[in-house]
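Dear colleague,

Please read the notes with the coordinates open.

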Amino acid sequence: MASHRRPKQPSRARVTVLTTAAAAAVVLSSQAANAAPSEKPTKDEVKAKVDKLHEEAEQATEKYNGAKEKQEKLQKEISTIQDNVARGQEELNELRDGLGSMASQQYRSGGIDPSVQLFLSADPDDYLDKASTLDQLSAQQVDALKKVQDKQRDLAQQRAEAADKLKDLSATRTELGRKKQEVQGKLAAAQKLLNSLTAAERAALQDEEQRSTRSAERQVLSAADSNGPVKAGSGRAGAAFAAAQSKIGSPYVYGATGPSSFDCSGLTSWAYAQAGVSIPRTSEAQSQIGTRITSQSDLQVGDLVFFFNDLHHVGLYAGNGQVLHAPRTGTVVRYESMSTIGGPFMWGVRV
């Protein structure tokens, strides 16, 4: 006969564990649900991230510009060296041709002087080592060959050194290019976050930027119309500032030097070029020229003004604490308060 047993009931301890685990799962699910909305970055958080990435991009761009400028300069030096080497080789060939004629004459007259044979040897250095013991050849001929050979060796050494430097610069430029691509990737990610904002939030950000630009314009106009403490630039500085003013609204583009688009140092170097003044390409190099102005109150319109500890941003002083500059990707040449640049004012330069 089959035995009927009552099913075994779970222990009180097991029930307590299961109940507690279920309760914890409910609490965690509730917390996750409540935390989800706060994970989306706010409008201000997105703006801060984009601004930071733009700053990093500008740093990389200025370094890239510097490497490119050095590379172009070195290429010109190499070209000059190669021309000098070619001329030195022609001089050497002419000298050897002259000695060849001398050898021919001696051969027709009965033989070639041992010193001339040595002079025409495949190893000119070997000749110079031994020529001092021979007096058959004129000192003038020995000196001429030695000068050409010394020049040739010197130029060959310069060419080798320039080639090594160019190789190093090429590697540096490649590395900077990779860094620039990395920053651009970050910018793309930040732009994606910006696109995730609502239309109203994006419009609010744009409105804030436009209000800032309009305020800066009013400050500049106020300085121009008043007889206050702001000193208007004159001469080259005034001409450079006027040139930059003519480009208000031109887009910021990495590495651009005008005339239709600019980066920050591209605008300042282009503006001064229009005034007949050649200044370095990068912001860091521009910061080392002219007369340094450490106090903002001493700035004049048209002075170069530098920002951030590494001096990676530059603009033209516009008066009343405003700057005319090419800010960053996605913006145009415009006026802006020096207090909203995003980095500290370091110093100015009067060119």
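A salt bridge here is a side-chain nitrogen of Lys or Arg within 4 Å of a carboxyl oxygen of Asp or Glu. The model is predicted, so local features need pLDDT of at least 70 and side-chain atom pairs count only at pLDDT 80 or more, while totals for chains, interfaces and linings use all residues. Residues are numbered from 1 along each chain as its sequence is written, and side-chain values use heavy atoms, with hydrogens and water left out.

Searching the whole structure gives 10 salt bridges. In one of them, E209 pairs with R334, their closest N and O atoms being 2.9 Å apart. This pair links distant parts of the chain, since E209 lies in helix α6 (residues 199-225) and R334 in strand β5 (residues 334-337), 125 residues apart; helices (H or I, at least four residues) and strands (E, at least two) are DSSP runs, numbered from the N terminus. E209 is partly exposed at 29% relative accessibility, whereas R334, at 9%, is buried (buried means under 20% relative accessible area, exposed over 50%, partly exposed in between, with a 1.4 Å probe and protein chains only).

D263 and R281 also meet in a salt bridge, at 3.0 Å from N to O, and both residues are buried. Salt bridges that share partners join E209, R328, R334 and E336 into one network.

Within helix α5 (residues 139-196), R178 and E175 lie three residues apart, about one turn of the helix, and their side chains form a salt bridge of 2.4 Å, N to O.

Best regards
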